[in-house]
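Thanks for letting me look this one over. Could you keep the model open while you read my notes on its charged pairs?

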Amino acid sequence: MPQLQKEWFDTWFDTPYYHILYSNRNETEAEVFLTNLMDHLKVKKGASILDLPCGKGRHTLFLAEKGYTLTGADLSGASIAMAQSHAPAGVTFLVHDLRKPAWNESFDYVLNLFTSFGYFETEAEDKAAFTTLSRALKKGGSLVIDFMNVARAVNLLKEEETKTIEGITFHLKRYVQDGYIHKEIRFEADDTPYFFTERVKALTLEDFKGFFTFAGLTLTDVFGSYQLDAYDAIESDRLIMIAKK
């Protein structure tokens, strides 16, 4: 059985099995959200957007097709390689660790979508990540953070689940411990047993407000769904925050 490294995301996201497990994500829902978001922000054609992290770049490419200037970055070299294989001229993809600074005042908008925060061990790492996101923005630019609504996620937590996808049976176990929502993933592929653990901090709106203040950003909007409905701390599916530099 492979040994789980300290930074689970650096190991798990680079495997083909991660993409298999999440291959049924609702792309239509994601594209509706992105369209609603661009309309709300009144993003002009040609505006510069950083998608960080971008995964395999599906949403980066969707936005590029709408006439925006896109850069996608992700810690996973395997994901970036896949993204680059589909990238048209004018779209940039590169490997980058969110905790490391880059792109000072380069973008009109920075997007951190689909619960792509809360993976790091320490608050210092979280602050370093927010510093990167903030510094990448031009003055007057906006940062969008799309996170789960922790209260609802915990309330609806499915403790045990089994999924069979592309001939692989994934055994999932979820629980809350030490301020994190954990998901244990066990499966066998090619006669080899695998075990990975996803772990995301149970961050609330108040936690994010502290990060925005630290990074010199002003929170302007909070939504609770991909349809940009009003946020309800108990009932909303999502915690979507827009902050301005």
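Predicted model: local features only at pLDDT ≥ 70, side-chain atom pairs only at ≥ 80, totals over all residues.

1. Residues are numbered from 1 along each chain as its sequence is written, and side-chain values use heavy atoms, with hydrogens and water left out.

2. Searching the whole structure gives 14 salt bridges (a side-chain nitrogen of Lys or Arg within 4 Å of a carboxyl oxygen of Asp or Glu). Among them is a network that links D97, R99 and E125.

3. How far apart are the closest N and O atoms of R152 and E235? They are 3.7 Å apart. The pair links distant parts of the chain, 83 residues apart: R152 is in helix α7 (residues 150–155), and E235 is in the loop between β10 (218–223) and β11 (238–244). Helices (H or I, at least four residues) and strands (E, at least two) are DSSP runs, numbered from the N terminus.

4. In that pair, R152 is partly exposed at 23% relative accessible area, while E235 is exposed at 52%. Here buried means under 20%, exposed over 50%, and partly exposed in between (1.4 Å probe, protein chains only).

5. K183 and E198 form a salt bridge with closest N and O atoms 3.9 Å apart. K183 belongs to strand β8 (residues 180–189) and E198 to strand β9 (residues 192–201), so the bridge ties together parts 15 residues apart in sequence. Both K183 and E198 are buried.

6. K158 bridges to E161, again with a closest N to O distance of 3.9 Å. K158 is partly exposed at 47%, whereas E161 is buried at 19%.
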